[in-house]
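The following exercises concern a single protein chain. Each task is followed by a solution in steps.

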Amino acid sequence: MTDVVSLAAELLAIQSTTGSEASVVDFVSRWLVARGWNVTLQEVTRGRSNVWASRSGGEGGVAFSTHLDTVPPYVPPRLEGGRLLGRGASDAKGIAAAMLVAADRLVAAGEKRVEVLFVVGEEKGSDGARAANNLRARTRFLVNGEPTESKLASGAKGSLRATVRTRGREAHSAYPELGRSAIEPMLDLLPTIRKLPLPSDPELGQTTVNIGTIKGGTEANIIPAHAEAEIMFRLVGDVEPIRKMVLEWAKGRADVEFGSHIPAQRFATVDGFESGPVAYTSDIPLLSNWGEPLLFGPGSIHVAHTPDEYVDVDELRASVDSYERIARTLLSR
């Protein structure tokens, strides 16, 4: 059988930042075809496709799913001690390798009710998952892969993006009385967002907020006529109270435009696995047609997207057995 560490290293050696996934999609497709899988490529945008592979096992099975794209920049793979390093080692090419090996082992043992779904675009808008939800999914369970430190996630926080804008009037900075700054009221407003009574949940924890970007003005010698801040909330419950709270917070002082929203999630678990919530989002809310969701993967989110991203080799090998155990348990229900 395929060595999962070697397969992960091969995937890591392929540059596949979001928008440039064609080469890794081709590699994975050929790997599956060579082992007898029925492979469908679903074009998402020109040159970018999701990979869906199945056997002849009929309906009611389990789908292993994760994403093949990574954040930039490309970092080539290397082994150091007991760690496999490189861009995507934990998020999520190590996971993809473990899923491939686990799925192939299940088939070799006679289990045909297993499918794999690898999507593109998760790191930037999840266009792959949105497209994949239109496929004719037949599975009862979806085992999604993100770095959960080999725990089954019991739930995940949701997210809400908001853009806050303030307006002013331009003037020469030598005569500030002739203008009105847009930046100064933004600076007064933003610190007060920490005082909002954001809700908490016994399982998912506290709602959090991050002021991610601030932009404004044109030149140092011009009174700024515009300012903008992008904010992201990590949600633990219903989004509507947060929207109302933000609109009231900004009323009369700034305009608010809400962006993408992913709801908080609760996931199924399996006996014999440690479980707990995660604070990040995944493609799961966008893959609702693929069955009851679970979230599991080797590696830590705390090293994902960093120059020293890695997955522990022993944990990666153990995750193959874990994916098999999870699938067998679900298929026995």
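**Exercise 1.** Leaving aside neighbours within four places in sequence, with which residues is His 67 in contact?

*Solution.* The model is a predicted one, in which local features need pLDDT of at least 70 and side-chain atom pairs count only at pLDDT 80 or more, while totals for chains, interfaces and linings use all residues. Residues are numbered from 1 along each chain as its sequence is written, and side-chain values use heavy atoms, with hydrogens and water left out.

Step 1. Contact means heavy atoms within 4.5 Å. With neighbours within four places set aside, His 67 is in contact with Asp 91, Ala 92, Val 119, Glu 122, Glu 123 and Glu 146.

Step 2. A polar contact is a pair of N or O atoms within 3.5 Å; within protein, one must be able to donate a hydrogen and the other to accept it, and residues adjacent in sequence count only if both atoms are side-chain atoms. The side chain of His 67 makes such a contact with that of Asp 91 at 3.0 Å and with that of Glu 122 at 3.2 Å.

Step 3. His 67 belongs to strand S3; strands (E, at least two residues) and helices (H or I, at least four) are DSSP runs, numbered from the N terminus.

**Exercise 2.** Classify His 67 and Tyr 74 as buried, partly exposed or exposed.

*Solution.* Step 1. Buried means under 20% relative accessible area, exposed over 50%, and partly exposed in between (1.4 Å probe, protein chains only).

Step 2. His 67 has 1% relative accessibility and is therefore buried. Tyr 74 has a relative accessible area of 35%, so it is partly exposed.

Step 3. Tyr 74 lies in the loop between S3 and strand S4 (78-80). Its side chain reaches the backbone oxygen of Ala 13 at 3.2 Å.

**Exercise 3.** Give the strand order of the open six-stranded sheet and state which strands stand at its edges.

*Solution.* Step 1. Two strands pair if DSSP finds at least two bridges between them. The order is S1-S2-S6-S3-S7-S17, with mixed pairing.

Step 2. The edges are strand S1 (38-45) and strand S17 (292-295); each has a single partner strand, so one side of each lacks a neighbour in the sheet.

Step 3. S7 and S17 pair in the parallel sense over four bridges, and Leu 142 stands opposite Pro 293 in S17.

Step 4. H7 lies across S3, S7 and S17, at about 140 degrees to S3. Axes are lines fitted to C-alpha atoms, for helices over the stretch in contact, and angles run from 0 to 180 degrees between N-to-C directions.
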